[in-house]
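This report is an introduction for a reader new to the structure. Please look over the sequence and the 3D view before reading on.

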Amino acid sequence: MNPFRRFSILHVTFLAGIILALVFALYTNRVWEDYYITFRSSKNLASGHGLVYNVGDKLHTFTSPLGVLIPAVCSFVTGNSSDTAALWLFRGICAAAFGGAITLLVSLMRKLAWPAIAIGLLAVMLLTDAKSLDFTINGMETAFMLLFLVYALWAHLSPGTRQWQHLGAAWAGLMWTRPDSFIYVGLIAAGCWIFNQPERTGGDRRQQFFLFLKAGLLTTAIYGPWLIWAGWYYGTPVPHTIVAKAAMTQEGMALQEFLHGIWQLPYLIWKGATAAEGSFLPAYYMFPTWPSWSLPFGRILGIIASLLWLAPRLRLECRIASLAYFVAISYLSFVPYFPFPWYLPATTLLAWVALAGTVGQLWQSNHSSVRWVVGIGSISVIAGGLLLTVAAAKQAKAQQTYVEDGNRRLIGEWIKEHSDPGDTVFMEPLGYIGYFSGLKTYDWPGMSSREVPQATKLVGSLWQNLILYLQPNWLVLRADSEGDLTYFSPILTGMSYDRVKEFDRRSEIEKLDISGKNLLLFDSHFAIYHRRNPMRHDISGHQIASPIGSSIRTIHGKDLRLVHAPGFMISKVPPEANSVQISFGFPDDAIEGNPSTNGAIFYIWFYDGEKRIQLREHRLEPKLYPQHRGLQEITIELPPRVDPANTKLIFETDAMGDTAKDWTFWSMPRFE
């Protein structure tokens with residue numbers, strides 16, 4: 001017998017998924033920034049230090065249980081001796097999961113009697129999707145997400161005595177992959193229930209309800225142990241990554257935007273106000289220099305995919321997938337503060353199930369004109385997708401060469417060489433710099449440290465205030481942009497931090513002829529700052545932060561605390577206190593000489609144990625207005641508090657323009 005006859009389309013699909021993923025890996029050598037955030041915990045676990053980012057600090061600094069545990073196994077198997085070997089082993093596992101996902105999906109569509117053109121379109125678009133390939137091999141958990149998402153679809157549409165077991169296992173796999181997968185679990189189940197066809201799903205709506213109940217109990221049994229263990233080990237089963245990112249979203253605003261935006265979705269997609277086009281385009285497509293046709297390409301496909309669930313005669317699986325895509329892309333557009341590209345491959349899969357199934361149904365109409373349109377449209381879409389994937393591969397290779405290995409990794413290694421034990425570093429791009437520096441990190445928005453979200457609650461999200469409060473030894477900032485210290489806090493540049501090193505690849509990147517070059521330029525130039533002197537000047541019962549040391553000065557017969565702007569004093573509030581009296585202002589000599597102060601803004605904030613509330617804002621310009629001179633005295637009634645034992649008042653001053661003679665003062669608060 002010819003051994004090649006034993007190979008079916010499913011074997012080909014599976015091997016194609018593995019080969020394409022590994023070829024993408026070999027060509028680009030892509031390692032995603034976030035992989036190193038997770039892998040630091042993975043390697044600590046494999047080395048016997050616990051599943052922690054910082055040894056001894058039990059903080060849940062990763063999102064995906066599978067995404068951290070499988071790399072830990074890979075590192076352990078390789079003897080913790082080669083990060084590269086562990087990564088390639090993980091890549092191989094992910095490539096097999098990616099191939100398995102596409103193969104299971106093709107198998108399902110063959111069982112559902114899709115025509116060959118629809119199955120071919122579905123397989124080709126998913127096998128060659130730039131994001132799916134990239135996030136399969138760059139260290140993310142995406143391939144497992146796709147595999148279990150397909151498994152859930154398969155289970156919903158495969159009636160039988162063991163259907164609930166398959167469904168429960170698929171849901172559990174999704175939850176083990178990402179805890180926010182309950183969104184996809186609920187959306188697909190809702191689609192099956194709303195558009196239910198008993199002969200396809202295995203029962204009427206009442207039977208479907210009990211099927212979901214049994215499957216949910218199994219999911220709980222499989223996923224529950226992780227929640228119990230995480231709650232015991234970390235004190236909470238909620239990943240700190242979610243806590244940190246949630247702090248960046250205004251309470252209630254995300255829900256309002258979602259409810260407002262979902263009913264305008266097709267219109268907003270065309271305007272470019274959603275993440276929908278991202279389902280069909282490379283990661284971070286919004287950075288310029290991609291082909292001019294790419295945005296209309298993605299938006300047209302997004303609009304169609306989001307509306308197909310409204311077609312009553314469309315195949316069941318297409319309506320289910322379209323509804324899930326419609327709600328999921330609305331969620332990703334309006335709830336997270338940014339639609340990160342590793343969230344989008346799941347929506348890409350759902351969209352192509354809806355689109356390819358619709359193509360198949362139109363093809364089966366047997367109208368020659370319809371077939372011509374469908375055929376030409378399918379070829380055009382495949383050609384467009386392939387062009388974008390090739391361009392994305394070139395961009396990914398260049399980014400790995402010039403940005404990841406050629407900039408961020410070198411920054412981490414340089415800081416490690418020049419830092420002292422116990423040093424801390426503040427930055428936004430955490431992965432490479434955090435992993436290769438090995439330091440305690442204060443990243444924005446605080447995924448690796450509890451200190452940053454806690455500080456944000458007290459002093460706000462301005463980086464100047466966070467740096468003042470946390471006083472990290474090192475800063476890594478994007479130079480020559482709004483994120484650079486010289487831009488957002490000249491006084492810290494001049495008085496507290498020295499610019500000690502720059503890493504700049506702009507000239508090399510500018511010469512590249514690739515799509516999406518502006519993404520690389522965004523990460524091409526970093527400046528490293530080293531702290532010159534302490535900025536915290538705490539006293540008993542009060543936390544004080546200022547670029548210049550704080551002192552007591554007698555003004556108008558009162559001993560007052562000088563805090564140079566920008567700065568703040570944080571005071572504990574006694575649980576029984578109902579009001580506070582405070583004096584503030586400028587010393588008399590602040591308006592004398594040249595230069596003199598041009599004023600400052602005085603803020604009083606109340607932290608009730610969960611959030612901070614602004615109580616007062618006063619702008620004082622003593623040189624211009626005599627009434628702004630001397631002691632300013634106020635009494636404030638305190639609001640109700642959520643946690644009386646953890647209530648604080650924050651007395652903050654910020655400069656108005658320059659900081660010359662901005663020695664502001666506060667009295668010690670008097671509580672009643």
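Predicted model: local features only at pLDDT ≥ 70, side-chain atom pairs only at ≥ 80, totals over all residues.

**The five-stranded sheet**

An open sheet is built from five strands with antiparallel pairing, and their order is β6-β9-β14-β11-β12. The edge positions belong to β6 (542-545) and β12 (612-620); each has a single partner strand, so one side of each lacks a neighbour in the sheet. On average, and ignoring direction, neighbouring strands of this sheet are turned by 15° against each other.

Strand β11 (residues 600-607) is joined to β12 by eight bridges, and the two run antiparallel. Within this pair, Ile601 has Arg619 of β12 as its bridge partner. Arg619 also takes part in a salt bridge with Glu617, at 3.4 Å from N to O. Glu617 is partly exposed, with a relative accessible area of 37%, and Arg619 also counts as partly exposed, at 46%.

Helix α21 (residues 463-470) lies across β6, β9 (567-572) and β14 (648-655), and runs at about 60° to β9.

**Strand β3 and its partners**

Strands of a sheet pair through backbone hydrogen bonds, in either a parallel or an antiparallel way. Both kinds of pairing involve β3. Strand β1 (residues 424-427) runs parallel to β3 and is joined to it by three bridges, with Val425 having Trp474 as its bridge partner in β3. Strand β5 (residues 525-531) runs antiparallel to β3, and five bridges join the two. Here Trp474 stands opposite His530 in β5.

How many of the five residues of strand β3 (residues 474-478) are buried? Five of the five are, so the strand is largely enclosed by the rest of the structure. In a regular strand, side chains alternate between the two faces of the sheet. In β3, Trp474, Val476 and Arg478 point one way, while Leu475 and Leu477 point the other way.

**A hairpin**

Strands β7 (residues 551-555) and β8 (residues 558-564) pair in the antiparallel sense over five bridges. Ile552 has Arg561 as its bridge partner in β8. The two strands form a hairpin with two residues between them, and His556 in the turn has a positive phi of about 50°.

**Nonpolar cores**

The largest nonpolar core has 142 residues, and the members that touch the most other members are Met109, Trp114, Leu122, Phe280, Leu349 and Trp352. Leaving aside residues up to four places away in sequence, the contacts of Trp114 include Met109, Ile119, Leu122, Arg315 and Glu317. Val353, Ala356 and Gly357 are also among the residues that Trp114 touches. There is a second, separate core of 33 residues, which includes Val459, Ile467, Phe568 and Ile650.

**Salt bridges**

The structure holds 28 salt bridges.

| Salt bridge | N to O distance |
|---|---|
| Asp83 and Lys43 | 2.8 Å |
| Arg450 and Asp57 | 2.5 Å |
| Glu617 and Arg619 | 3.4 Å |

Asp83 and Lys43 form a salt bridge. This pair links distant parts of the chain, with Asp83 in helix α4 (residues 83-111) and Lys43 in helix α2 (residues 33-46), 40 residues apart. Asp83 is partly exposed, with a relative accessible area of 23%.

Arg450 and Asp57 form another salt bridge. The two are 393 residues apart: Arg450 is in the loop between β2 (440-443) and α20 (451-459), and Asp57 is in the loop between α2 and α3 (65-77). Are these two residues buried or partly exposed? Arg450 counts as partly exposed at 29% relative accessibility, whereas Asp57, at 16%, counts as buried.

Salt bridges that share partners also join Glu33, Glu404, Arg408, Glu428, Arg478 and Asp523 into one network. Arg478 is one of the buried residues of β3.

**Arg506**

Arg506 lies in helix α24 (residues 506-510). Its relative accessible area is 34%, so Arg506 is partly exposed. The side chain of Arg506 makes a polar contact with the side chain of Asp504, at 2.6 Å. Not counting residues up to four places away in sequence, Arg506 touches Asp480, Leu521, Ser524 and His525. Arg506 and Leu520 are 14 residues apart along the chain, and their C-alpha atoms are separated by 8.6 Å.

Conventions. Residues numbered from 1 in each chain as written. Heavy atoms only, no water. Helix = DSSP H or I, 4+ residues; strand = E, 2+ residues; numbered from the N terminus. Buried < 20%, exposed > 50% of the residue type's maximum accessible area, 1.4 Å probe, protein only. Contact = heavy atoms within 4.5 Å. Polar contact = N/O pair within 3.5 Å; in protein donor to acceptor, adjacent residues only side chain to side chain. Pairing = 2+ DSSP bridges. Axes fitted to C-alpha atoms, helices over the stretch in contact; angles between N-to-C directions. Salt bridge = Lys/Arg side-chain N within 4 Å of Asp/Glu carboxyl O. Core = buried A, V, L, I, M, F, W, Y, C linked by side-chain atoms within 4.5 Å.
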